[in-house]
Structures are given as C-alpha cells and as structure tokens.
Amino acid sequence: MKKFFFSLIATSLLLAACGADMRNEVAAKDYWARSGVKDGNSAAYMLIQNGTDQDNELTGASSDAAQAVELHLSQMKADGTMEMIQQQSVVIPAGKALELKPGSYHVMLIGLTRDLKAGDEITLTLKFKNRADLTLTVPVKDAEGMSGGGMDGHQMP
Ligand SMILES: [Cu+2]
C-alpha cells in the first residue's frame, strides 16, 4: 500500500511537470489492451486522471471484446508468486491519477470473444461512482518486450 501511495505521488508530480491537462474532469489517457486469443484472457491498462476536487471511484467496466470484465489488482504473495485480487472499486483521489499497469491495477478481460491482435481496437466502457460512463476506443498492442509482462498471471488458474 505504501509503495502504491508513493507511485501515486510520483505520477502526480510527473503530470504536474508535464503540464498534462487535468482540467476539472476525470479522464483516461494512454490506454491500451494486451493482445490475446479468443476464449483466452487479456487486460487493459491506462492512466485515469482526476482533475476535480472530489474523490471518485472506478466501479467497473464492460466491453464487447470479453464475456466478463473485472477490476483486478495484481500483487506479490508471501511465497513470491503473483495473485490477482478482484476489486469492487478503486478510488481515484481528488487531484490525483490512478495508474493501471502490468503488475498492478488492471481491467481484466475474461473470455475474449475474438482474437485481439496488435492494431485492433476494442470498445471499453468505464463506470464511475461520481461520473457518467466513459467509453473508450482502446488500441490493442503486443506485450512483448514489456517489463513485467506475464506477471499478471492472465492465464486463469
Ligand atoms: Cu487480472
């Protein structure tokens, strides 16, 4: 938890330094989904910025590309293996950003309805506690060469 808190601070500083727009809204950027095969699993990652002065919560997601979509947190277990824990919601504090990335929070796509190849696009709708749904057209990318690839254990046990 402490580590996550620090990464939030680092993310916020980075955003401030870049002058990224966090105009009084909750918005997603840098979103992408991992390539995968039909009936397999995948995940979507992004940065969600909360530029408002009110805490918000990501409460769920849906997509036509998967039979089920869940919010997950990957974390290291005591025995050194990774596990994924479903989250009912994830808080996005006022003025901060939530980073969904491999090995951490992610939108889990369970039971892909089709093959997802690099260059494809999927439609992903994010649901929030204090905001209208946000529908994104998310590009698919290969996870090759990405550090931590596979750490989310996206093969279901
Ligand atoms: Cu997952």
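Me: Start with L109. What is L109 in contact with, leaving aside its neighbours within four places in sequence?

Reply: L109 is in contact with A33, N41, S42, A43, A44, S63, A65, A66 and V69. Two residues are in contact if their C-beta atoms, placed from the backbone, lie within 7 Å.

Me: What should I know about the model itself?

Reply: This is a predicted model: local features need pLDDT of at least 70, side-chain atom pairs count only at pLDDT 80 or more, and totals for chains, interfaces and linings use all residues. Residues are numbered from 1 along each chain as its sequence is written.

Me: How confident is the predictor, by average pLDDT?

Reply: The protein averages a pLDDT of 86, and 76% of the residues score at least 70. The scale is the predictor's confidence in each residue, from 0 to 100.

Me: Where does pLDDT stay under 50?

Reply: That happens over residues 147-151. For this stretch the model has eight contacts beyond four places in sequence.

Me: How many helices and strands are there?

Reply: The protein has one helix and 10 strands. From the N terminus on, the order is α-β-β-β-β-β-β-β-β-β-β. Helices (H or I, at least four residues) and strands (E, at least two) are DSSP runs, numbered from the N terminus.

Me: Back to L109. Which residues have the most contacts inside the largest nonpolar core?

Reply: They are A33, A44, V107 and L109. This core has 28 residues. Strand 1 (26-34), strand 2 (41-50), strand 3 (56-63), strand 4, strand 7 (97-100), strand 8, strand 9 and strand 10 each supply at least two residues of it.

Me: What makes a set of residues a nonpolar core?

Reply: The members are buried Ala, Val, Leu, Ile, Met, Phe, Trp, Tyr and Cys residues, joined through C-beta atoms within 7 Å. In soluble globular proteins, nonpolar side chains tend to be buried together.

Me: What makes a residue buried or exposed?

Reply: Count the other C-beta atoms within 10 Å of its own, with C-beta atoms placed from the backbone. A residue is buried at 20 or more, exposed at 12 or fewer, and partly exposed in between. Of the 157 residues of the protein, 27% count as buried.

Me: Why is K129 called partly exposed?

Reply: K129 has 14 C-beta neighbours inside 10 Å. That falls between the limits of 12 and 20, so K129 counts as partly exposed.

Me: Where is K129, and what does K129 touch?

Reply: K129 sits in the loop between strand 9 (121-128) and strand 10 (134-141). Not counting residues up to four places away in sequence, K129 touches N56, E57, T59 and S89. K129 and D55 are 74 residues apart in sequence, and their C-alpha atoms are 9.4 Å apart in space.

Me: Why is D39 called exposed?

Reply: D39 has 12 C-beta neighbours inside 10 Å. Exposed means 12 or fewer, so D39 counts as exposed. D39 is found in the loop between strand 1 and strand 2. D39 has a positive phi of about 75° although it is not a glycine.

Me: What joins strand 4 to strand 5?

Reply: Six bridges join strand 4 to strand 5 (residues 82-87), and the two run antiparallel. M76 has M82 as its bridge partner in strand 5. The two strands form a hairpin with five residues between them. In the turn, G80 has a positive phi of about 90°.

Me: In what sense do strand 1 and strand 10 pair?

Reply: They pair in the parallel sense, over two bridges. The requirement is at least two, so the pairing counts. R34 has K141 as its bridge partner in strand 10.
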